[in-house]
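Subject: A structure for you to look at

Hello,

Here is the structure I promised to pass on to you. Have a look at it first, and then read my notes below.

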Amino acid sequence: MTSRFAALIVLLAALLGAPAAHAQSADGTWLTQAGDARVKISKCGGGICGIVAWLREPYDTATGQPATDSKNPNRELARRPMIGLPLFSGMQPSGPNKWSGQIYNADDGSTYASSISVTGADSLRVEGCVGALCGGETWTRTGR
């Protein structure tokens, strides 16, 4: 009887001492894998939004003017500044620490099906697909 009681005490102590599992937030500023942009992610509606907050090269080298969304096929949108550019649309929760929706790629002016997963305290996996072709990269949290 004493050994059962001791085992129960050890089990309870382990359970009470274990850190509670909780959802990790994507809120914050993230440095892209290439290190050329920082994206500010915040809650919006029931999901998350992300905007370009910083660029390594914020000016167009050809014009000397602030960088714009020049690859966008829509002429009106091609004039909008890169800083403040929204990257996510319809990004809604799709699992623990995961959101799915669409992501805009300013490098080619296209929008892709995407998922975003917090994979660690300072690590965010961003994946996108066009048809059967998928790719992704890992972003690092900045400014903690």
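If you number the bonded cysteines of the protein chain in sequence order, they pair 1-2, 3-4. That pattern belongs to a predicted model, so please keep in mind that everything here is computed from a prediction. The count comes to two disulfides. In case the term is new to you, a disulfide is a covalent bond between the sulfur atoms of two cysteines.

One of the disulfides joins Cys44 to Cys49, with 1.7 Å from S to S. What is the handedness of the disulfide of Cys44 and Cys49? The torsion about its S-S bond is about 85°, so this disulfide is right-handed. Cys44 is partly exposed, with a relative accessible area of 27%, and Cys49 also counts as partly exposed, at 28%.

Cys129 and Cys134 form a disulfide as well, and their sulfur atoms are 2.0 Å apart. With 110° about the S-S bond, this link is right-handed too.

Next, the salt bridges

The structure holds five salt bridges, and I picked out a few for you. In one of them, Arg80 pairs with Asp69, and the closest N and O atoms are 3.0 Å apart. Arg80 and Asp69 both lie in the loop between strand E3 (47-55) and E4, so the pair ties together parts that are eleven residues apart in sequence. Is Asp69 buried or exposed? Asp69 counts as buried, because its relative accessibility is 0% and the cut-off for buried is under 20%.

Glu76 forms a salt bridge with Arg79, where the closest N and O atoms are 3.3 Å apart. Both of these residues are exposed.

Another salt bridge brings together the side chains of Asp122 and Arg141, at 3.6 Å from N to O. This pair links distant parts of the chain, 19 residues apart: Asp122 sits in the loop between strand E6 (110-120) and strand E7 (123-130), and Arg141 sits in strand E8 (residues 133-142). Asp122 counts as partly exposed, with 36% relative accessibility, whereas Arg141 counts as buried, with 13%.

Then a hairpin

Please find strand E4 (residues 88-95) and strand E5 (residues 98-105) in the viewer; they run antiparallel, and five bridges join them. Across the pair, Pro93 stands opposite Trp99 in E5. How many residues are there between E4 and E5 in the hairpin? There are two residues between them.

Asn97 deserves a look of its own. This residue lies in the loop between E4 and E5, and it has a positive phi of about 60° although it is not a glycine. Asn97 counts as buried, because its relative accessibility is 18% and buried means under 20%.

Last, the largest pocket

Rolling a probe the size of a water molecule over the atoms shows where empty space is left. The largest pocket in this model has a volume of about 990 Å³. Which residues are closest to its centre? Of the 35 residues that line the largest pocket, they are Asp36, Met82, Asn105, Ala106 and Asp107.

Several strands take part in the lining. Strand E2 (37-44), E3, E5, E7 and E8 each supply at least two residues of it. The largest share comes from E8, which gives six residues. E8 is also the strand that holds Arg141, the salt-bridge partner of Asp122. By class, the lining of the largest pocket has 18 nonpolar, eight polar and nine charged residues.

When you open the model, you could begin with the link between Cys44 and Cys49, go on to the pair of Arg80 and Asp69, and then turn to the hairpin of E4 and E5. After that, Asp36 and Met82 are among the residues that will lead you to the centre of the largest pocket.

Enjoy exploring, and write back with any questions!

Best wishes

Terms used: Residues numbered from 1 in each chain as written. Predicted model: local features only at pLDDT ≥ 70, side-chain atom pairs only at ≥ 80, totals over all residues. Heavy atoms only, no water. Pairing = 2+ DSSP bridges. Helix = DSSP H or I, 4+ residues; strand = E, 2+ residues; numbered from the N terminus. Salt bridge = Lys/Arg side-chain N within 4 Å of Asp/Glu carboxyl O. Buried < 20%, exposed > 50% of the residue type's maximum accessible area, 1.4 Å probe, protein only. Disulfide = S-S within 2.5 Å. 1 Å grid on protein atoms, 1.4 Å probe; cavity = no way out; pocket = protein on both sides within 12 Å on 5 of 7 lines; lining within 4 Å. Points joined across faces, edges and corners; volume = space filled by probe spheres on them. Nonpolar A, V, L, I, M, F, W, Y, C, P; charged D, E, K, R; others polar.
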